[in-house]
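Here is a short note to read beside the model. Please keep the structure open while going through the points.

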Amino acid sequence: MDYILEMKDRVTFLKNKIGYLEKQLKTMPQGRVQDYVLNDYHRYYLVIQNHGEITRKYLGRKDHELIRTMMLKAIYAKELSNSKMELRGIQYYIRQMGKISDKGIYIYKKEEKLIDELRPELSKRILQVVCPQEAREWERADYEINENYRENLKVRTKEGLFVRSKSEAFIMNCLYEEHIPHRYECKLDFEDMSFYPDITILHPSSGEIYIWEHLGMLDDMKYFENAMNKLYKYIRNGYIPTRNLILTCETSESPLDIRYVRELIRFYFKNNV
């Protein structure tokens, strides 16, 4: 597989995508929409900035189509920015690689072959550096799993495990990519009860056990009450939020922030590794 040719195909795709997004944005109204939430009620305002002066106009139910258009505009604008950033990165990489040799694409094939030959040893060395052997053995050892509602394990992670939600899969994938030892729904025994935390993590340098709970339906009252009861039991048994209990949350209106997940992993497990 020639990854440089794939990159060039990606460049063509991104250029077409950027052209389409720019064309669509030119047809959309001026300004942006701000969404304020008060007691679960959304209020929308059209915000327009003209020569340094900002005006705000309330948008009611009759402005439904305008609200939808402006939200779509925000999505297009964000996607346009991301696409331009990716395009610049790929083009820079191709330019730098092109300076290595006048032989053109053949040098890429030679490098690719070398990378393939080194990959197993490189992967082994990475694991040795970021994760001691004992931690890796802990991760691979058998453990008692949660047998309840196994039919809900439908989302596959990069390491081949099945979990209950896309958000859990993303967290697991991030831990896997960073070589952080972890287990999914591993039984945890307390003095008077047993839990199956979403993710149990062994800190790769300190050997301390961390728990990661993802609370994915906090706008559901019954779910919220059960989650708070579970958190109380964690705290009572020595697992404290911000110390050794990591929490991520989302609602139907506020999805998981993937950048925040990566920041949490760096903060808890990478700073002192």
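1. Contact here means heavy atoms within 4.5 Å. The model is predicted. Serine 83 touches Leu14, Lys17, Ile18 and Leu21, leaving out residues up to four places away in sequence.

2. Where does serine 83 lie? It sits in helix α2, which covers residues 64-98. Serine 83 has a relative accessible area of 2%. The cut-off for buried is under 20%, so serine 83 counts as buried. Its side chain also has a polar partner. A polar atom of that side chain lies 2.8 Å from the backbone oxygen of glutamate 79.

3. Next, the salt bridges. The structure holds 11 of them. Side chains of opposite charge can pair when their charged atoms come close.

4. Lysine 84 and glutamate 22 form another salt bridge, and their closest N and O atoms are 3.2 Å apart. This pair links distant parts of the chain: lysine 84 is in helix α2, glutamate 22 is in helix α1, and 62 residues separate them. Lysine 84 has a relative accessible area of 31%, so it is partly exposed. Glutamate 22 is at 30% and also counts as partly exposed.

5. Two further items on charge. Aspartate 257 forms a salt bridge with arginine 259, the closest N and O atoms being 3.8 Å apart. Aspartate 257 is partly exposed, with a relative accessible area of 36%. Arginine 259 reaches 58%. Exposed means over 50%, so arginine 259 counts as exposed. Elsewhere, a network of salt bridges links Glu144, Lys187 and Asp189.

6. Now the sheet of β1, β2 and β3. Strands of a sheet pair through backbone hydrogen bonds, either parallel or antiparallel. This sheet is open, has 3 strands in the order β1-β2-β3, and pairs antiparallel. Which strands are at the edges? They are β1 (32-38) and β3 (53-59), and each pairs on one side only. From one strand to the next, the twist averages 30 degrees.

7. Within that sheet, β2 (residues 41-50) and β3 pair over 7 bridges in the antiparallel sense.

8. Isoleucine 201 stands opposite tyrosine 210 in β10. The hairpin of β9 and β10 has 6 residues between the strands. In this hairpin, glycine 207 takes a positive phi near 75 degrees.

9. Strand β10 also pairs with β11 (residues 245-249), this time in the parallel sense, over 5 bridges. Isoleucine 211 has leucine 245 as its bridge partner in β11. The chain crosses from β10 to β11 through helix α6 (residues 221-236), and this β-α-β crossover is right-handed.

10. Last, tyrosine 239. It is found in the loop between α6 and β11. Is tyrosine 239 buried or exposed? Its relative accessibility is 12%, so it counts as buried. Leaving aside neighbours within four places in sequence, tyrosine 239 is in contact with several residues, including Leu188, Phe190, Ile209 and Tyr234. The bridge partners Ile211 and Leu245 are also among its contacts. Tyrosine 239 and isoleucine 211 are 28 residues apart along the chain, while their C-alpha atoms are separated by 7.6 Å.

Definitions and conventions:
Residues numbered from 1 in each chain as written. Predicted model: local features only at pLDDT ≥ 70, side-chain atom pairs only at ≥ 80, totals over all residues. Heavy atoms only, no water. Helix = DSSP H or I, 4+ residues; strand = E, 2+ residues; numbered from the N terminus. Buried < 20%, exposed > 50% of the residue type's maximum accessible area, 1.4 Å probe, protein only. Polar contact = N/O pair within 3.5 Å; in protein donor to acceptor, adjacent residues only side chain to side chain. Pairing = 2+ DSSP bridges. Axes fitted to C-alpha atoms, helices over the stretch in contact; angles between N-to-C directions. Salt bridge = Lys/Arg side-chain N within 4 Å of Asp/Glu carboxyl O. Right-handed = clockwise from strand over helix to strand, strands pointing away.
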